[in-house]
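Please read the following briefing alongside the sequence and the 3D structure.

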Amino acid sequence: MNLVLRKYSPADVDDCVSVLADAFVSSPLHLSAFGNGRIDQNRRFFRLALRNMFFGQAFVALHDGALCGYIHFRAWPYCLPAPEEIPNAAATLLKSMGEAVPKFIQWFARWCHLDPQEPHVHLGPIGVAPGRQRQGIGTALMDLYIAELEQERSIGYLETDRVENVSFYKKFGFVVKHEEVVIGTTTWYMSRPLN
Ligand SMILES: CC(C)(COP(=O)(O)OP(=O)(O)OC[C@H]1O[C@@H](n2cnc3c(N)ncnc32)[C@H](O)[C@@H]1OP(=O)(O)O)[C@@H](O)C(=O)NCCC(=O)NCCS
């Protein structure tokens, strides 16, 4: 497989919107917040997020030149806004998303509230185009994140809403710290301690 990993560039935005919307449209939290099959809402959300939220380190994977994966991670304390900032930020940023906004606020306020108050590098999102999943691309992207954790001697942290992802992240040394239901969806909070 001809796989190339490189840093994200703003010129990748359209391809990343497509890959992330396709990868996440069936994720339980996205189904709950945006609705079933709402590829339009997912595309709108990821376009806003790529331009306004994902300001950490980001990399893309290209298979035979076609963009098929994206990963973003950012060091605490700038990884998520303070919980009290969420309603205003989400309402301003996401007002084009209409009926999804209240659930989105509930969901993100909870994630912000639970964000560890100690130094960590926060993962999210990571997504691989559905037709390219289970071929090692997610692992190759995760290896970049793990290398950053090792280099910075930092704890890793993430949230996930798919049980199959819990086993995926365990392969990289993550353990479940907390589990709860957010907007009707079981959500796992995982961290990767320092060795
Ligand atoms: C999670 C994700 C990034 C993994 O990327 P990937 O390229 O498929 O991952 P890899 O091929 O490197 O590794 C796949 C491993 O992940 C696990 N896994 C991923 N998806 C799985 C599924 N649907 N069912 C079972 N196991 C799955 C398995 O352990 C699998 O290993 P295996 O193929 O040897 O059994 C990708 O599946 C994805 O984009 N999912 C949708 C979006 C998402 O949930 N992102 C993460 C949000 S927290």
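A backbone N or O atom of Ile126 lies 2.9 Å from a nitrogen atom of the ligand, a polar contact (a pair of N or O atoms within 3.5 Å). The model is predicted: local features need pLDDT of at least 70, side-chain atom pairs count only at pLDDT 80 or more, and totals for chains, interfaces and linings use all residues. Residues are numbered from 1 along each chain as its sequence is written, and side-chain values use heavy atoms, with hydrogens and water left out.

**Ligand contacts**
- A backbone N or O atom of Gln135 is 3.1 Å from an oxygen atom of the ligand.
- In the side chain of Lys171, an N or O atom lies 2.9 Å from an oxygen atom of the ligand.
- On its own the ligand has 910 Å² of accessible area (Shrake-Rupley method, 1.4 Å probe), of which the protein covers 77%.

**Shell around the ligand**
- Among the 20 residues around the ligand (a heavy atom within 4 Å), Val128, Arg134, Gly136, Gly138 and Thr139 come nearest.
- The largest share of the shell, four residues, comes from α7.
- The shell has seven nonpolar, eight polar and five charged residues; Gly counts as polar.

**Helix α3**
- Helix α3 (residues 39-52), a DSSP run of H or I with at least four residues, has 14 residues.
- From first C-alpha to last, α3 reaches 20 Å, close to the 20 Å expected at 1.5 Å a residue, taken as 1.5 Å times one less than the number of residues.
- Buried residues (under 20% relative accessible area, 1.4 Å probe, protein chains only) of α3 include Phe45, Phe46 and Leu48.

Terms used. Helices (H or I, at least four residues) and strands (E, at least two) are DSSP runs, numbered from the N terminus. Buried means under 20% relative accessible area, exposed over 50%, partly exposed in between (1.4 Å probe, protein chains only). A polar contact is a pair of N or O atoms within 3.5 Å; within protein, one must be able to donate a hydrogen and the other to accept it, and residues adjacent in sequence count only if both atoms are side-chain atoms.
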